[in-house]
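Please open the structure in a viewer and keep the sequence at hand.

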Amino acid sequence: RHRKDYYLNLEVWNDNFFFFILYFEKIIKLENIRNKIITISGEPASGKSTVVKEIKSKYEKQGFNVYIISVGDVFRETVKKEYLKRYPDRINVSLADIQNDKEFMAKLQSIDGLIDDEIARKGKEINEKERPNDVYIIDSRLAWSNVPDSYAIRLTVNEAIAGKRVFYDTTRGSEDQYETVDEAIQKTRKRKLGEIERYKEKYGINLLDENNYDLVVDTSYTN
């Protein structure tokens, strides 16, 4: 499916990321889809959380109800649901406890498929009726595919800049803490390439194909 309308390099905009947010509605074409569903995917350290936050703020200021569906939240919901199917008496179990249950997690090999199915289900549920006062932002690598009736945004970033962002971001977890900038760059690049390969093997999908998306934004030069 050919979708792409725009490719934006924020370097052209004098490093001003918020120019993108300011003119967001002039760029996207939400009137072409049934409801205001925006799907966002992006490379590691491309700024998805920041983009989601700013788009949410923009639409809320206009009086819309904005709902965010994150693959992380869906993962947590799905894992706990599957866990309680097997152990219905453990209703107060935490996600950390579930993830520490190596036997259970080893058996849960279909988690990616379950998450994809859940996101697709949520998309269909949203589109069961018109919701003129609502905006939905779905943050997931494959949301554009699982919810085809959406406006699909892909965020990209220069690999060296991605690594530097990870290295200097003190809010990240221990898995993203590195001794040097170069190590952060190499590990972030490896993670990116691993994701690309995994989705090709598992779904036959090329995340780098820009025709999957309506809008591709290079966030490398944001400030």
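Begin with the whole chain before selecting any residue. Among the contacts in the protein with a separation of 6 or more, 76% are between residues 24 or more positions apart. The model on display is a predicted one.

**The whole protein**

Switch to a cartoon view: the secondary structure comprises ten helices and six strands. The protein has 223 residues, and 44% of them are buried. If a surface is now drawn, its accessible area is about 12,300 Å², with 47% belonging to carbon and sulfur atoms.

**First stop: Y83 and F104**

The structure contains seven aromatic pairs. Select Y83 and F104 and display their side chains. The ring centres are 4.9 Å apart and the planes meet at 85°, so this pair counts as edge-to-face; the cut-off for that class is an angle over 60 degrees. Y83 belongs to helix α4 (residues 71–86) and F104 to helix α6 (residues 102–107), so that the pair links distant parts of the chain, 21 residues apart. Both residues are buried.

Ring pairs join Y83, Y87 and F104 into a cluster. Next, select R90, which lies over the face of Y87 at 4.1 Å from the ring centre.

Y203, at 30% relative accessibility, is partly exposed.

**Last stop: F167**

Select F167, which is located in helix α9 (residues 159–168). The relative accessible area of F167 is 24%, so this residue counts as partly exposed. Which residues does F167 touch, apart from its neighbours within four places in sequence? F167 is in contact with Y178, E179, T180, V181 and A184. To finish, display the C-alpha atoms of F167 and E179: the two residues are twelve apart in sequence, and their C-alpha atoms are 8.4 Å apart in space.

Conventions. Residues numbered from 1 in each chain as written. Predicted model: local features only at pLDDT ≥ 70, side-chain atom pairs only at ≥ 80, totals over all residues. Heavy atoms only, no water. Helix = DSSP H or I, 4+ residues; strand = E, 2+ residues; numbered from the N terminus. Buried < 20%, exposed > 50% of the residue type's maximum accessible area, 1.4 Å probe, protein only. Contact = heavy atoms within 4.5 Å. Areas by Shrake-Rupley, 256 points an atom, 1.4 Å probe, with all protein chains shown as cover. Phe/Tyr/Trp six-rings, centres within 6.5 Å; stacked < 30°, edge-to-face > 60°. Lys NZ or Arg CZ within 6 Å of the ring centre and 35° of its normal.
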